[in-house]
Amino acid sequence: MTGATITRPRLRTAATWAVGILLLVLASLLLRIVPTDADSERPFVVTAAVGERASARTFEMTVSNVELVDVLRAGDWKQPGNWLVVDVSAEGTGSDVTAYLGRAAFMLDAGAGTDAASREYRASERFMSLVTEPLVTGVPRAGTIAFELPVDAAGGGALEFAQHGDTRLDSLVSFSVDLDELPRVAEREIREAGWGTE
């Protein structure tokens, strides 16, 4: 047996290993590039600042004022707490005659790094607001939405609005809010939802 015939099997073995490792690397890269089911169903997020108009698939809205309130009133109803009170104007768009805000939530950031998470607070339904009223196409409505937060709530978060509670494959409007920078009001009356902008 010559040296050349011994070298060929070793070269074939080395080439086979090299191709195998290359295929594993390519498969690993492919798994990182291809979106998961959760990634492919994420909502289409439209971000806006307080005071800016944001357009979703079936509605447009503006958050004009955000503040923290110690005592909230709506007619004869009065409730102390740590209320995040949001003044908004919104209207339906598109071919649907009416639309609803099926999702009105405040997502409070919690933790940092790998411990990062968000706590969700839904809009209060203890009084009439834009959460319970329909949005008519082309006719703006203005009103107040409130979120009851824990006393120690602090830091950044986002107000999220969408037509449906299930936001997969739909648009979601997000307004960034920092609780530490908001003014605090001792008492405030809820503004009833009415026609027109603020």
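These legends walk through several close-up views of one predicted model.

Local features here need pLDDT of at least 70, side-chain atom pairs count only at pLDDT 80 or more, and totals for chains, interfaces and linings use all residues. Residues are numbered from 1 along each chain as its sequence is written, and side-chain values use heavy atoms, with hydrogens and water left out.

**View 1. The whole chain, to get your bearings.**
You're looking at 2 helices and 13 strands; helices (H or I, at least four residues) and strands (E, at least two) are DSSP runs, numbered from the N terminus. Of the 198 residues, 37% count as buried, where buried means under 20% relative accessible area, exposed over 50%, and partly exposed in between (1.4 Å probe, protein chains only). Take the contacts (heavy atoms within 4.5 Å) between residues at least 6 apart in sequence: 70% of them join residues at least 24 apart.

**View 2. A nonpolar patch on the surface.**
W17, V19, I21, L22, L23, V25, L26, L29 and I33 make up this patch, with about 950 Å² of accessible area together. To join a patch, a residue needs over 30% relative accessible area and no salt bridge; nonpolar side chains (Val, Leu, Ile, Met, Phe, Trp, Tyr) are joined within 5 Å, and like charges within 9 Å. Pick out L29, for one: it belongs to helix α1 (residues 3-33) and is partly exposed, at a relative accessible area of 44%.

**View 3. An aromatic cluster of W77, W83 and F127.**
These three residues form one aromatic cluster, and the structure as a whole holds 3 aromatic pairs. W77 and W83 sit edge-to-face, 6.0 Å centre to centre with 80° between the planes. W77 is partly exposed at 23% relative accessibility, while W83 is buried at 0%. The rings of W77 and F127 have centres 5.7 Å apart and planes at 45°, so that pair is tilted. It links distant parts of the chain: W77 is in strand β4 (residues 77-92), and F127, 50 residues apart from it, is in the loop between β7 (117-122) and β8 (135-136). F127 counts as buried, with 8% relative accessibility. As for the labels, rings of Phe, Tyr and Trp (its six-membered ring) pair if their centres lie within 6.5 Å; planes under 30 degrees apart are stacked, over 60 edge-to-face, and the rest tilted.

Start with F106 in strand β6 (residues 103-110), which is buried at 0% relative accessibility. Leaving aside neighbours within four places in sequence, F106 is in contact with a list of residues including L84, Y121, F147, L149 and V177. A123 is 17 residues from F106 in sequence and 7.7 Å away in space, C-alpha to C-alpha. Now look at D109, also in strand β6: it is partly exposed, with a relative accessible area of 46%. Leaving aside neighbours within four places in sequence, D109 is in contact with A117, S118, G156 and G157.

The structure holds 13 salt bridges, each a side-chain nitrogen of Lys or Arg within 4 Å of a carboxyl oxygen of Asp or Glu. In one of them, E91 meets R53 (2.9 Å, N to O), which ties strand β4 to strand β2 across 38 residues of sequence. E91 is buried at 14% relative accessible area, and R53 is partly exposed at 40%. R188 is buried at 12% relative accessibility, and so is E67, at 11%.

**View 4. A polar contact at T58.**
T58 lies in the loop between β2 (53-55) and β3 (59-74), buried at a relative accessible area of 4%. The side chains of T58 and Q163 are joined by a polar contact of 2.8 Å. Such a contact is a pair of N or O atoms within 3.5 Å; within protein, one must be able to donate a hydrogen and the other to accept it, and residues adjacent in sequence count only if both atoms are side-chain atoms.

Methods. Accessible areas come from the Shrake-Rupley method with a 1.4 Å probe; for residues, only the protein chains shown count as cover.
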